[in-house]
Amino acid sequence: MTYRELWNTLIPVYGEREAKSVARLVFEQRFGLDMTDICIGKDKQLSEETHNEMKKIAARLLQNEPVQYVLGCETFCGRTFTVRPGVLIPRPETEGLIQLMRSLGSREKPAPRILDIGTGSGCIAITAALDMAGADVTAWDISEEALATAKENAATLGARVRFVRQDALRPPVDEALWDFVVSNPPYICMKERAEMSRNVLDHEPATALFVPDDDPLMFYRSIARYARRALRDGGWLLFEINPLYDGDMTAMMAEEGFEGTETYDDIFGRRRFAAAQRQDSGPVTA
């Protein structure tokens, strides 16, 4: 199966433009052929074994399985992370959380203590550990499957991260531990399902995506209450947010003791991130 044959096969599911992109990714990541190789016909010289593997890949893609699961990896901030069914696929917009943390970290003391809540593949925690000098990073997730994948990624990439199984809705009672608490928690309401693609709905873990329509900020509220105690004075709480609830997020953060919350756009121009700093104003009450 050549590059042209693969993308033609995928058109009924992906449309022509995305089919070409997916086919190119398959050839580059799985078979080591870039567009230059394809242009000079190397995709026509593949072995029978490779052709058979290509057919299996095409069959999975035609079932709307995300190409990242089919290939077993995704790129985040220039590094390759293992992903598999049961673990949320890193998104390019989430890289904005890392950029925000770096910019705020440049104002703070070196060697920050960082907590990533809901780590999934570990992409945020591992990137922070590798890119922020001296960072002491801990990552939580409730999913054993996610934690296993995150640990594998940390080992592969040479990052020192402490992984802990912890429910974000039932956090411990900690005080003044962290310089950053960062989270990309579940934030998609069930009513938004109708607008989502089948490859997400049928394959990515629902527990990492969805929240009830009547309580869309449930994870944010729990994490904010934890962070109000657990952040050091001057520490930062950073979230990836649902743009639909930008205003509600700011109001909730104020109710939980974080005044002056700022929100920021992602690379697609959508209001996607929130940042608030803990200012010591006396004892924190429950």
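**Chat: the sheet and its helices**

Reader: What order do the strands of the open sheet come in?
Author: In this predicted model, seven strands make up an open sheet ordered 5-4-3-6-9-11-10, with mixed pairing.

Reader: And which strands stand at the edges?
Author: Strand 5 (161-165) and strand 10 (262-265) do; each has a single partner strand, so one side of each lacks a neighbour in the sheet. From one strand to the next, the twist averages 20 degrees.

Reader: OK, strands 9 and 11: in which sense do they pair?
Author: Antiparallel, over five bridges, between residues 231-240 of strand 9 and residues 271-277 of strand 11. Take tryptophan 236: its bridge partner in strand 11 is glutamine 277.

Reader: What does helix 6 touch on the sheet?
Author: Helix 6 (residues 95-105) packs there against strand 3 (113-117), strand 6 (178-183), strand 9, strand 10 and strand 11. Its direction makes about 160 degrees with that of strand 9.

Reader: Switching to helix 10, which strands does it lie across?
Author: Helix 10 (residues 218-230) lies across strand 3, strand 4 (136-141), strand 6 and strand 9, and runs at about 160 degrees to strand 9.

Reader: How far apart are its end C-alpha atoms?
Author: In helix 10 they are 18 Å apart, which agrees with the 18 Å that 13 residues should span at 1.5 Å a residue.

Reader: Why call helix 10 largely enclosed?
Author: Because 10 of its 13 residues are buried, that is, under 20% relative accessible area. Among them are Phe219, Tyr220, Ile223 and Arg228.

Reader: What covers those buried residues of helix 10?
Author: The cover includes strand 8 (210-211) and helix 11 (246-255), along with strand 3, strand 4, strand 6 and strand 9.

How values were computed:
Residues numbered from 1 in each chain as written. Predicted model: local features only at pLDDT ≥ 70, side-chain atom pairs only at ≥ 80, totals over all residues. Heavy atoms only, no water. Pairing = 2+ DSSP bridges. Helix = DSSP H or I, 4+ residues; strand = E, 2+ residues; numbered from the N terminus. Axes fitted to C-alpha atoms, helices over the stretch in contact; angles between N-to-C directions. Contact = heavy atoms within 4.5 Å. Expected span 1.5 Å × (residues − 1). Buried < 20%, exposed > 50% of the residue type's maximum accessible area, 1.4 Å probe, protein only.
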